[in-house]
Amino acid sequence: MKKIVFLSIFSLVLFHAGAQTFPQRENTHRLMSYNIHHGEGMDGKIDIERIGKLIIDINPEVVGLQEVDSVVVRSGNIDILQLLSEQTGMYATFGYSILHDGGKYGNGVLTREKPIAVKKIALPGAKEARTALIVELDKYVVVNTHLSLTNEERLESVKIITDAVEIYDKPVFLMGDLNATPDSEPITFLQDKWQILSNPKQPTSPSVNPRSTIDYILGYTAKGQTYAKYRAHVIDEQVASDHRPLFVDIRLKTPASEVMRTIPYLQNPGTDEMTVMWLTNVPARSWVEYGTDPDNLKRARTFIEGVMVANNKINRVRLTDLQPGTRYYYRVVSQEITRYSSYYKEFGDTVRSDIKSFTTWSDDMKDFRVIVYNDIHSNMEMFNKLHSLVEDKPYDLVIFNGDCFDDVEVESDIVDRLLTYTPRIKSDEIPSIFIRGNHETRGEYSLHLWDYLGRMGGRSYSVFSLGDTRFVLLDCGEDKPDDHWVYYDMNDYTQHRIDQAEFLKEELQSAAFKDARKRVLIHHIPIFGVKSDSFSPCSDLWIPVLENAPFNISLNGHTHRYRVIEKGETGNNFPVIIGGGNREPDGTVTVLEKKGDKLTVEVINAAGEKLLEKEL
């Protein structure tokens, strides 16, 4: 038992090291083939552990092994494949071809995942019986074999193997010691329905001063190109066997139904623009097809300095020069990139979303409905419940006012929230705006948050006009001093708040602000009504600027306690509404609705109770 535990830990260390020795591209699969000469090296020693170390170092998903002994006298009555399985932590599948020297001898396959099905087929071999081992995995099938020494039997064998794999509707890969050179009749036959993925110009036998290429990895192509090759390599290993090991890295073409990761979500709305974002599961080149006529759409793509933004999973296309108050139809399009190299590229399926629509804003708009959330954190059940209370009537915009993403440690902390928010708010037709709260600033992945979301004006604070109403959105930053130990001297929100104070001064003097009929201020952390001994730098910097500002309302969150601060109650020149938290029954949703010249605010809690209805 102690030995097995030691080998498992040792294997994990070496697997990590292997990724460094032979770097592998993201989203690729590594397949390896190795004739191990029943474990006997060129030094005459039976050493299974060094073969296992080599496999760990290469770090494949699948290994096809040939000349494998199972309890054979010549190799010490050991089960070679089982020992390698224990050392590498991979599943073992053995298919013997002959009984030999008290045991069995044939082909073995090691796989990271447990096989779905296994089949052994007989192949011609007058002097020595031959077989092929077919192992089906979740996404592909591997065939491992060691062919006869006679050309006629090899040719018949590859015909049998080719016929045997026609039943599969997933990619198939053939690997093994085919005992045939690249210009031989069996290999020529294979190339009609198979593609050689390994490099036939790199000889594999013998291991010392190799002269012949007889070991291969091939991909089945008769049903179309289902993969792309990224790398092929023969390892310069001269001692462990009389053959050299080889591996290939391939990227499987993703089924069309699995290319899209999220529905489109509209960002950065305006009178003449809209940003369309969506995520894919695979690297892709993407664009938007849009227009006022759903039967006549034009294409919009994103270029930076002449180069199309592509081969990524986060897709962002900004539509500009749109007409105000106009309904536009659009769909997003992504084509998987299975290979992206300097002079050669391969692509998968082109996938189009359903046609959706949005309407640009207009300066003449007098009616709108805006839904505002705060402090959802990770309580998606609360969000769904709150949204069910307000989604029955049409709305024009959804604003997430901070802490609607929890501490962002990994990508899934962003994506999992998007996968809930976007379909529920109908983000493919209704735009949304995200304001950063203090929890969105935290975590290893927090700096990537804006990769997934739109920033109006390219900043975390912004202004926009929705008809004749001006919205001012601010970013309060963290809720502790910059020199607090938890930030490790890596924050400077002080300057960020100072910048926004200057931004506020300019905004209050702008024509757009002065000409607006209504004005709404939104930020996460309250600046009015805080305790005198509380840390509140935004209050110190922003209240003097806002002292006489003619806002109709300010919407805040952060405290997780619903509160209304009436105008003049704490020196505020406008009413302040602080939203609730993310627990029953404190969670709240706020609705701003404007009809003509009348602007009202409504706050509803998770129990469906209307806590406030107020004309502003």
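The entries go from the whole chain to single residues.

**Entry 1: confidence.** I noted at the start that this is a predicted model. The protein chain has a mean pLDDT of 93, and 97% of its residues reach 70 or more.

**Entry 2: whole chain.** I looked up the secondary structure and found 11 helices and 33 strands in the protein chain. The radius of gyration is 32 Å, whereas the globule rule gives 25 Å for 616 residues, so the chain is more spread out than a compact globule. Along the principal axes, the C-alpha atoms fill a box of roughly 100 × 60 × 45 Å.

I then checked burial: 54% of the 616 residues count as buried. The accessible surface is about 26,800 Å², and carbon and sulfur atoms account for 48% of that surface. I also looked at contacts between residues at least 6 apart in sequence; 69% of these join residues at least 24 apart.

**Entry 3: Asn374.** Where does Asn374 lie? I found Asn374 in the loop between strand E22 (368–373) and helix H6 (380–388). Is Asn374 buried or exposed? Its relative accessible area is 3%, which is under the 20% cut-off, so Asn374 counts as buried.

The side chain of Asn374 makes a polar contact of 2.6 Å with the side chain of Asp375. Leaving out residues up to four places away in sequence, I listed what Asn374 touches: Asn401, Gly402, Cys404, Asn556, Gly557, His558, Gly579, Gly580 and Thr588.

**Entry 4: salt bridges.** How many salt bridges does the structure hold? I recorded 32. Side chains of opposite charge can pair when their charged atoms come close. I went through a few of these pairs one by one.

Arg436 and Asp475 form a salt bridge, with the closest N and O atoms 2.6 Å apart. Arg436 sits in the loop between strand E24 (432–435) and helix H8 (449–452), and Asp475 in the loop between strand E26 (469–473) and helix H9 (493–508), so the pair ties together parts that are 39 residues apart in sequence.

I noted both Lys594 and Asp468 as buried.

For Glu602 and Lys610, I found a salt bridge whose closest N and O atoms are 3.0 Å apart. Are the two partners buried or partly exposed? Glu602 counts as buried at 18% relative accessibility, whereas Lys610 is partly exposed at 49%.

**Entry 5: network.** Which residues are linked in a network of salt bridges? I wrote down Arg442, Glu478, Asp479 and Lys480 as one such network.

Conventions: Residues are numbered from 1 along each chain as its sequence is written. This is a predicted model: local features need pLDDT of at least 70, side-chain atom pairs count only at pLDDT 80 or more; totals for chains, interfaces and linings use all residues. Side-chain values use heavy atoms; hydrogens and water are left out. pLDDT is the predictor's confidence in each residue, from 0 to 100. Helices (H or I, at least four residues) and strands (E, at least two) are DSSP runs, numbered from the N terminus. Buried means under 20% relative accessible area, exposed over 50%, partly exposed in between (1.4 Å probe, protein chains only). A polar contact is a pair of N or O atoms within 3.5 Å; within protein, one must be able to donate a hydrogen and the other to accept it, and residues adjacent in sequence count only if both atoms are side-chain atoms. Contact means heavy atoms within 4.5 Å. The radius of gyration is taken over C-alpha atoms; the globule rule is 2.2 Å times the number of residues to the power 0.38. Accessible areas come from the Shrake-Rupley method with a 1.4 Å probe; for residues, only the protein chains shown count as cover. A salt bridge is a side-chain nitrogen of Lys or Arg within 4 Å of a carboxyl oxygen of Asp or Glu.
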